[in-house]
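Subject: Structure handover

Hello,

Please find the structure below, with the sequence alongside. My notes on what was found in it follow.

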Amino acid sequence: MDIKTLDTIAKQYGTPFYLMDGEVYLKNIKAFRDAFKQRYDHLIIGYSFKTNYVPALCKIAKEAGCYAEVVSEMEYLLAQHLGYDKIIFNGPIKNEDILKKALADKAVINLDSYYELGAVFEYKKEHPYEEVGVGLRLNIDLTDANGVSKVQCGLRTGRFGFTKDLLYEIIPLLRKQGIKIISLHGHTSSSDRAVENYRLITRQMLQICELFQLNDLSYFDVGGGFFGAAAKGINVSDRPKYKDYADCILDECLGNKWFNAVKPNIVIEPGVSVVANVFSYVSKIFQIKEIAGINFLTTDGSVFDVKPTLHNNNLPHKFFTNEVCHDEYIANLVGSTCMEKDVILNQVSVPSNIGYGDYVKIDGIGAYTMSLTPTFINFLSPIIEIKGNTTTVVRRRQTLEDVMSIYNM
Ligand SMILES: Cc1ncc(COP(=O)(O)O)c(C=O)c1O
């Protein structure tokens, strides 16, 4: 990428804009799959829609044979709209209508709590001769050997899924109604994304499979939450690789008698780990200021576009100026909104000759960005796919008509 290319794209589509590299995404998916397939052939990848549901991206996942992993009515309908007929339906809230529709569609539904049973039983009553199967999400105890909870944000316990005690209650109820248990789901988000977390998840899932003899199980779903797909510039030398996760999960599964007898599909639900390095974000420098000894560069972009969770890490980035300049100074890159917290990069080196009209590209912004960004102050930015020398618009810039289309006047 050079300034000439950025200039050409900027002239055509305006700034800011996202760049998408679909080939990198496909490579990530294939690499994750290969890590498992070398030892176990029955692997299903359920791509996590919530992480980034840009249609062009979801289409690549579908063509690569992935299922859609969705967690809401909106995502369920979107997956169907994009032509997916293989859908894993997770999430804590499933209203009766969408749950019954998913049962009729034969989606893989992982129930999260008790209230969902009502709709499932009703559906079975309405379709007594139909084979009905559901999955169950298991609440995993992610406490490590030192007694430390690995659940995201340091929480003592996660809130999703059924505890073992509840399973004692509901599994007999489901069986009594002739409903098969076809899936067990163990997704548990951790902050450290450590390989050892998957040993805890897999072991607890296997224990449940043995305890309740879940011999109809087709989907042994360990969920997502993996590390991988880091943008260049992030030191990943001590971070887990796809193969480390695959080996950990497979060591547990392939060493288990129940698993070898039933041989369910192993399901992984990657999000961040396949999409983080697929997108970059380019914005244009407008202002250069020094206030009370602090240098500010203001772009037409926004922190809400590149890290809406407002974490403190500086993402990998590059400044593009017309002339090469080896002198640098320290500045904050700030965004175009009226919020003081709109800080995109904090205290980074910038070329001394940076000026109005130059660009900054932020990398590794594919996960929990576009799917989390509402229309805030600015129109939503276009997404441009780059393939060799050609560019394709996979999302145009939002217009006033788009913004107004859901309001009554
Ligand atoms: C059920 C489920 N599956 C998959 C994922 C994807 O996780 P990640 O993007 O961390 O891989 C999530 C994220 O929270 C999730 O809740």
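Buried means under 20% relative accessible area, exposed means over 50%, and partly exposed covers what lies in between. Glu-122, at 35% relative accessibility, therefore counts as partly exposed. Please keep in mind that this is a predicted model.

Salt bridges

The count of salt bridges comes to 18. One of them joins the side chains of Glu-122 and Lys-100, at 2.7 Å from N to O. Glu-122 belongs to helix H6 (residues 116-126) and Lys-100 to helix H5, so this pair ties together parts that are 22 residues apart in sequence.

Another salt bridge is made by the side chains of Asp-247 and Arg-39, with 3.0 Å between N and O. It links distant parts of the chain: Asp-247 is in helix H9 (residues 242-254), while Arg-39 is in the loop between helix H2 (22-37) and strand E2 (43-48), 208 residues apart. Arg-39 counts as partly exposed because its relative accessibility is 37%.

For Lys-37, the salt-bridge partner is Asp-41, and the closest N and O atoms are 3.7 Å apart. Lys-37 has a relative accessible area of 33%, so it is partly exposed.

The ligand

There are 17 residues around the ligand, and the nearest are Arg-193, Gly-225, Glu-269, Val-272 and Tyr-368. Sorted by class, this shell holds 3 nonpolar, 9 polar and 5 charged residues.

From Gly-225, a polar backbone atom is 2.9 Å from a ligand oxygen atom. From Gly-271, a backbone N or O atom lies at 3.1 Å from a ligand oxygen atom. From His-187, the atom is a polar one of the side chain, 3.4 Å from an oxygen atom of the ligand. Taken alone, the ligand exposes 390 Å², and the protein buries 89% of that.

Asn-90 and its contacts

Glu-269, one of the residues that come nearest to the ligand, also makes a polar contact with Asn-90, side chain to side chain, at 2.9 Å. The side chain of Asn-90 has a polar contact of 2.7 Å with the side chain of Glu-69 as well. Asn-90 sits in the loop between strand E4 (87-89) and helix H5 (96-104). Its relative accessibility is 1%, so Asn-90 counts as buried.

The loop between E15 and E16

Phe-379 lies in the loop between strand E15 (359-363) and strand E16 (383-387). With a relative accessibility of 40%, Phe-379 counts as partly exposed. On the surface, Phe-379 forms a nonpolar patch with Leu-400, Met-404, Ile-406, Tyr-407 and Met-409, and together these have about 750 Å² of accessible area.

Ile-377 is found in the loop between E15 and E16 too. Although Ile-377 is not a glycine, its phi is positive, at about 70°. Its relative accessible area of 48% makes Ile-377 partly exposed.

Ile-383 is in strand E16. Is Ile-383 buried or exposed? Ile-383 is buried, because its relative accessible area is 0%. From Ile-383 to Val-394 there are 11 residues in sequence, and the C-alpha atoms are 5.5 Å apart in space.

Other backbone points

Gln-213 has a positive phi, near 45°, and is a residue other than glycine. Gln-213 is in the loop between helix H8 (195-211) and strand E8 (219-223), and its relative accessible area of 43% makes it partly exposed.

The peptide bond that joins Thr-15 and Pro-16 is cis, with omega about -5°. Pro-16 is placed in the loop between helix H1 (3-13) and strand E1 (17-20).

Val-278 is in the loop between helix H11 (272-275) and strand E10 (279-291). Val-278 is buried, its relative accessible area being 2%. How far apart are the C-alpha atoms of Val-278 and Val-262? They are separated by 37 Å, and the two residues are 16 residues apart along the chain.

Regards

Note on methods. Residues are numbered from 1 along each chain as its sequence is written. This is a predicted model: local features need pLDDT of at least 70, side-chain atom pairs count only at pLDDT 80 or more; totals for chains, interfaces and linings use all residues. Side-chain values use heavy atoms; hydrogens and water are left out. A residue is near a molecule or strand if one of its heavy atoms lies within 4 Å of it. A polar contact is a pair of N or O atoms within 3.5 Å; within protein, one must be able to donate a hydrogen and the other to accept it, and residues adjacent in sequence count only if both atoms are side-chain atoms. Accessible areas come from the Shrake-Rupley method with a 1.4 Å probe; for residues, only the protein chains shown count as cover. Ala, Val, Leu, Ile, Met, Phe, Trp, Tyr, Cys and Pro count as nonpolar, Asp, Glu, Lys and Arg as charged, and the others, Gly among them, as polar. Patches are made of residues with over 30% relative accessible area and no salt bridge: like charges are joined within 9 Å, nonpolar side chains (Val, Leu, Ile, Met, Phe, Trp, Tyr) within 5 Å. A salt bridge is a side-chain nitrogen of Lys or Arg within 4 Å of a carboxyl oxygen of Asp or Glu. Helices (H or I, at least four residues) and strands (E, at least two) are DSSP runs, numbered from the N terminus. Buried means under 20% relative accessible area, exposed over 50%, partly exposed in between (1.4 Å probe, protein chains only).
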